[in-house]
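Below is a walk through a predicted model.

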Amino acid sequence: MPEVTVILPTYNRADLLRRSAGSVLAQTFRDLELIVVDDGSTDDIAGAVQALGDPRVRCLRRDVRGGPAAARNTALKDARGTYVAFQDSDDEWLLDKLDLQMAATDGAHSMVLCGLLRRLGSRLRPYAPGGRKAAELDFADVAGHPITYTQTWLVPREAVIAAGGFDERLRVWEDWELLLRLAGRLRIRSVGMPLVLSEQAMDSVTHDNAAFLDAMALVLDKHGAALARMPRQRAALRHVQARLQINAGCMREARRLLINAVADDPRRLKSWGMLAATAFGRGFVTGRLRQATVRAVETGR
Amino acid sequence: MTSPAVSVILPTHNRARLLSRAIRSVLSQTFRDLELIVVDDGSTDGTERVVKEFDDPRLIYLRREGRKGVAAARNAGVRASRAPLIAFQDSDDEWLIEKLALQLEALKRAPADTGLLCGAYLVLAANGRIRYLRPTQAMQEGTWNPETIFGFCFIAPTWLVKREVLERAGFFDESLPNLEDWECAFRLSRECRIVALDQPLVVKHGSPDGLNEAKSARIRSLEMILERYGDWWAGSPHTLARLYSELGRCRCLAGDTRAGRVSFANALRLEPTAPKRWLHWLAAWSGRSGYARLLALRS
């Protein structure tokens with residue numbers, strides 16, 4: 001039984017596996033299995049996996065493309081490790097990642113996060129949940145920002161299964177929503193240091209605003225009870241919803257959400273500002289705001 | 001037996017704990033046709049055992065008795081190597097997994113007179129601070145001049161160099177306790193074009209030990225380099241001034257603020273309009289800790 005199962009869903013992109021899967025197999029921590037989930041690809045993923053030449057990696061095929069949540073859940077059923085980690089097909093892990101995370105875990109009651117470096121064009125932007133140094137986080141820390149990266153997770157497999165795995169109804173933010181459920185049952189630690197290099201394509205043309213709106217509505221509904229006790233976090237999420245509504249052109253709805261936000265957290269100056277700006281109509285606030293919203297929801301900047 | 005395409009030289013002295021990450025990052029490269037020569041520069045901490053744990057025919061272990069330093073160890077590795085292209089790795093660093101593949105691809109597209117390829121790299125300090133060092137446009141095109149040579153750190157772990165060029169320029173200077181790769185790059189720049197890739201190739205992990213040793217080594221090396229190449233920069237007062245500044249900074253941090261002020265004064269004489277340098281010179285009057293506080297404020 002390996003200590004860690006690493007799950008790598010991929011839709012085509014066989015040419016990237018040597019880097020993404022390669023950096024998992026090259027980890028200084030050796031006791032792992034790597035499950036590459038071929039999510040209905042037309043590329044020969046099985047062949048690319050075979051070419052890696054490592055007995056610790058295997059390929060699971062889904063004939064029908066289901067998206068990252070479904071692909072990860074498929075692998076979870078087949079996983080045997082005590083812990084689970086995730087990799088994206090176009091990312092690279094630094095070689096000590098698992099070693100450092102395994103050293104920080106304390107068994108079945110905690111999950112460990114790490115930092116990540118996002119490559120946007122030729123610049124690198126750090127992402128560090130909880131800051132640069134090692135830290136402890138809780139539900140309140142993760143609830144206010146809908147950003148997480150499964151590539152930074154190390155989580156006990158039993159906890160993920162008990163929480164029910166990824167919610168396949170979500171087309172986006174399925175990772176963050178699972179994190180909210182896990183935060184209710186596990187301590188969350190972060191090793192601080194960036195241990196993942198991530199390629200981030202930020203494409204405002206294909207940004208699916210409706211998917212983000214649906215996802216946020218679902219999350220707010222599902223976690224309504226917990227969020228009711230956390231007005232600041234709920235206000236932050238209402239603000240995100242409001243921006244998405246502005247993108248969609250629904251100014252009245254956006255205003256309603258912003259009013260909710262400042263009712264929850266009257267010190268939220270950004271929401272007051274946005275509310276004032278909406279008085280000037282859609283044309284005033286869209287444009288640059290749309291770009292900024294897309295960037296914020298897609299890459300967490 | 002035909003030679004591999006790339007020889008990788010990895011000098012090491014008493015880094016058994018970190019060494020396997022460095023070795024693994026070379027052996028796991030997506031480009032496979034290489035030999036890795038680990039030159040054990042008189043280690044006493046079980047380094048040999050760590051190396052022997054790897055079961056890879058591409059890995060060669062070279063043991064040297066007594067500690068001769070990084071430059072000598074690298075040179076010994078180069079002499080023992082066979083491939084027409086040479087790369088270097090340091091024992092506490094890691095190569096990103098496509099480093100060689102990216103550089104070999106770039107070499108095919110680069111101008112024919114290119115002899116050395118390097119690239120961008122990350123420095124991860126133990127306290128979590130990250131620096132990302134990227135080459136300027138001029139370095140990416142290989143249209144170097146003495147200014148750019150100083151501005152970009154030519155750390156050996158990013159290099160991919162043609163053997164014939166290294167042989168013409170001469171290997172690493174074994175009298176230099178520090179900055180030996182940088183000094184070698186100057187000599188290489190007279191033999192060939194140097195091109196830097198705007199892609200991260202290497203992650204340098206900051207190691208907290210040996211800092212004081214490194215400081216005085218750096219000072220001695222800067223002094224030797226200034227002495228040897230001072231007139232090469234005669235036409236470029238800006239570069240010379242920056243070198244004197246760097247020497248001043250190192251001297252102040254090592255505690256010798258008097259000598260540090262002399263260096264800053266030299267720099268200011270060459271380039272009087274550099275307000276930050278005036279600040280450094282002023283801060284140097286407040287002694288080592290005062291100066292260190294100034295630097296901490298700036299970063």
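In this predicted model, 22 residues of chain A are in contact with 21 residues of chain B. The area buried between chain A and chain B is about 2,000 Å², and carbon and sulfur atoms give 64% of that area. Two salt bridges are counted between chain A and chain B. One of them joins B:R21 to A:D96, with the closest N and O atoms 2.3 Å apart. Between chain A and chain B there are also three residue pairs in polar contact.

On the side of chain A that touches chain B, at least two residues each come from α1 (17-25), β6 (110-120), β7 (123-127) and β10 (187-199). The largest share, four residues, is supplied by α1(A). By class, this side of chain A has nine nonpolar, five polar and eight charged residues.

The ring centres of B:F88 and B:W159 lie 5.9 Å apart with the planes at 80°, an angle over 60, so the pair counts as edge-to-face. B:F88 belongs to strand β4 (residues 85-88) of chain B and B:W159 to the loop between α6 (146-151) and β8 (160-162), so the pair ties together parts 71 residues apart in sequence. B:F88 is buried, with a relative accessible area of 0%, and B:W159 is buried with a value of 0%.

B:F88 also forms an edge-to-face pair with B:F172, at 5.2 Å centre to centre and 85° between the planes. B:F172 sits in the loop between α7 (163-169) and α8 (180-189) of chain B, 84 residues from B:F88. B:F172 is buried too. In chain A, one aromatic cluster is formed by A:F86, A:W153 and A:F166.

Terms used
Residues numbered from 1 in each chain as written. Chains lettered and ligands numbered in written order. Predicted model: local features only at pLDDT ≥ 70, side-chain atom pairs only at ≥ 80, totals over all residues. Heavy atoms only, no water. Contact = heavy atoms within 4.5 Å. Buried area = accessible area lost by both parts, 1.4 Å probe. Salt bridge = Lys/Arg side-chain N within 4 Å of Asp/Glu carboxyl O. Polar contact = N/O pair within 3.5 Å; in protein donor to acceptor, adjacent residues only side chain to side chain. Nonpolar A, V, L, I, M, F, W, Y, C, P; charged D, E, K, R; others polar. Phe/Tyr/Trp six-rings, centres within 6.5 Å; stacked < 30°, edge-to-face > 60°. Buried < 20%, exposed > 50% of the residue type's maximum accessible area, 1.4 Å probe, protein only.
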